[in-house]
Amino acid sequence: MLGGGSSLLILGFIASGAFALGRRFREYSIATAIVYFVTCVVTFGYVSRVGAGAPTPWLGLVERVMIYSYLAWIAVLAAGLLRRDRAGGGSPRRADG
């Protein structure tokens, strides 16, 4: 249950952040969301096998692709926001803030 909830939140983060930068980042966000969703579906397919103590070949690799795709998305978002801020394209800041 917690895994499904956190996966939905992460997909929501990607969907809302997709509009933070530009068209290329939006396309990258869509690709990341697709990879994340597919690997979530595959991972949740292993739930019954994990519960039964059965072998779960490739589960570790699938989980790593799932989480690292999201972490890479965060890194690209951060780099894009830093670049935009340094170029003066960010929102104005308050002097006392």
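In what order do the elements of the protein chain run from the N terminus on?

## Overall architecture

The elements run α-α-α-α, starting from the N terminus. This is a predicted model, and its protein chain has four helices and zero strands.

Of the contacts in the protein chain with a separation of 6 or more, 60% are between residues 24 or more positions apart.

## Surface and burial

The protein chain has 97 residues, and 23% of them are buried.

## Thr 43 in helix 2

Thr 43 belongs to helix 2, which spans residues 23-45. Is Thr 43 buried or exposed? Its relative accessibility is 10%, below the 20% cut-off, so Thr 43 counts as buried.

A polar atom of the Thr 43 side chain lies 2.8 Å from the backbone oxygen of Thr 39. Leaving aside residues up to four places away in sequence, Thr 43 touches Leu 59, Val 62, Glu 63 and Met 66. Helix 4 covers residues 59-86.

Where is Trp 58 found? Trp 58 sits in the loop between helix 3 (47-52) and helix 4 (59-86). With a relative accessible area of 64%, which is over the 50% cut-off, Trp 58 is classed as exposed.

The phi of Trp 58 is near 75 degrees, a positive value in a residue other than glycine. Most residues other than glycine have a negative phi.

Conventions
Residues are numbered from 1 along each chain as its sequence is written. This is a predicted model: local features need pLDDT of at least 70, side-chain atom pairs count only at pLDDT 80 or more; totals for chains, interfaces and linings use all residues. Side-chain values use heavy atoms; hydrogens and water are left out. Helices (H or I, at least four residues) and strands (E, at least two) are DSSP runs, numbered from the N terminus. Buried means under 20% relative accessible area, exposed over 50%, partly exposed in between (1.4 Å probe, protein chains only). A polar contact is a pair of N or O atoms within 3.5 Å; within protein, one must be able to donate a hydrogen and the other to accept it, and residues adjacent in sequence count only if both atoms are side-chain atoms. Contact means heavy atoms within 4.5 Å.
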